[in-house]
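Colleague: Hi, I'm new to this one. Could you walk me through it?

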Amino acid sequence: MSQDSPQLTDRSGHRYAADQPRWRGDDGSPLMMEPLPGITRRQIDTSVNSQWRYRAALPLAQVEPVTLGEGRTPLLPRTLAGLDVAVKVESMNPTGSFKDRGSSVMLTALRHQGVGRLLEDSSGNGGASIAAYSAAAGIDAQIIAPASTSPSKIVQSRLHGASVDLVPGSRQDVADEAVRRADTRFYASHNWHPQFLQGIKLIAYEIWEDLGFSAPSAVLVPAGAGSLVLGCAMGFAELQRAGEIDQVPRVLVSQPEQCCPLVQALDSGASTVDARTWPRTLAEGTAIARPVRDREVLQAIHDSGGAATAVAEEELLPAVGELARTGVFVEPTSAQVLPALRQFHSDGHISRDDTVVLVLTGSGLKAGQTLSQLITDIPV
């Protein structure tokens, strides 16, 4: 049976039924699902070759899932920065990014709740993912994206049948515009909706199964809004509660130096990020100036014993090339975890005895046009 009785809570502590189409609390804060007990390896449905094999860990009614076969992405051994690590290649998801995990679960919930029209804001990958899963669910989708978004991501959304509005300004400007439009159609934001995180958390279950039902010492993820941070924290915490692992891994976070509000907050000991304007970065998927769940993300990093580091802009393209020469082609947003790995090792957050998983969030094809213009700058 799926775990369908928990409720949602906002920051003020108010509780809401999880089976209602709601994207934020009455106090305007983001919603989180109450902690779930997790599942054991015996509850995995091994007949299902997608992330829905962990369906028993989800707080969903027994409804038909909206699925494109997401999850079950490769975990590949690599030697990077002189360390033996594993890379979780999320570019192998149906639309080319880890966002498919959250989109599948969120769209399953929204279709069951009768939502017929939705709105999403995105710097590219989230919009393309929600466009695809909306098409599979028979839901009309409208995507708002920055005018500077990689054209290939916009084409993907439009081909899936979504209407796409390009908004001038920063990624934050786009998020603000989406909230303004949220009274015209249901706001199915991958940064706000609690069911999206329920899908993302399944990557923790998958890493656990990939490693022979054990947890790594650390998981290194790029972070913008921080859904991967929270997903890993939630999923591994559930596995610990279920008695399947003894300790949760440290969550190590990479952000581009030109947009690193979470890193700044951690360095200063703050519990929230400062509102400020950041310059444009090639790592567009993590260019989130004011993460909606900043408090929760920062707390999750603290609670795991993790850390965060900022990657210099000039390190992004070389990292794309270095990973590509191991056979893995990822966009700059994903590639930043490689220079971050070097920094975490240098700072003592990672040792050679650690089992480290790097999550590579999106395909290099997502940034194909941008990279083709810059290819002469990538070391070969």
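This is a predicted model: local features need pLDDT of at least 70, side-chain atom pairs count only at pLDDT 80 or more; totals for chains, interfaces and linings use all residues.

Colleague: Great. What is the strand order in the open sheet of four strands?

Modeller: The order is β8-β7-β6-β9, with parallel pairing. Strands here are DSSP E runs of at least two residues, helices are H or I runs of at least four, and both are numbered from the N terminus. Two strands pair if DSSP finds at least two bridges between them.

Colleague: And which strands stand at the edges?

Modeller: β8 (163-167) and β9 (186-187); each has a single partner strand, so one side of each has no neighbour in the sheet. β9 pairs with β6 (residues 117-121) over two bridges, and L119 has Y187 in β9 as its bridge partner.

Colleague: Which helix packs on that sheet?

Modeller: Helix α2 (residues 125-137), which touches β6 and β7 (140-146); contact means heavy atoms within 4.5 Å. The direction of α2 makes about 165 degrees with that of β6. Axes are lines fitted to C-alpha atoms, for helices over the stretch in contact, and angles run from 0 to 180 degrees between N-to-C directions.

Colleague: Changing topic: is R101 buried or exposed?

Modeller: R101, in helix α1 (residues 99-112), counts as buried because its relative accessibility is 0%. Buried means under 20% relative accessible area, exposed over 50%, and partly exposed in between (1.4 Å probe, protein chains only).

Colleague: What does the side chain of R101 make a polar contact with?

Modeller: With the side chain of E206, at 2.9 Å. A polar contact is a pair of N or O atoms within 3.5 Å; within protein, one must be able to donate a hydrogen and the other to accept it, and residues adjacent in sequence count only if both atoms are side-chain atoms.

Colleague: Which residues of helix α9 are buried?

Modeller: In α9 (residues 294-303) they are D294, E296, V297, L298, A300 and I301. Their cover includes β3, α7 (227-241), β11 (250-256), α8 (261-268) and β12 (307-311).

Colleague: Last one: what is the phi of R72?

Modeller: About 55 degrees, a positive value although R72 is not a glycine. R72 sits in the loop between β3 (32-33) and β4 (75-80), and it is partly exposed at 33% relative accessibility.

Key: Residues are numbered from 1 along each chain as its sequence is written. Side-chain values use heavy atoms; hydrogens and water are left out.
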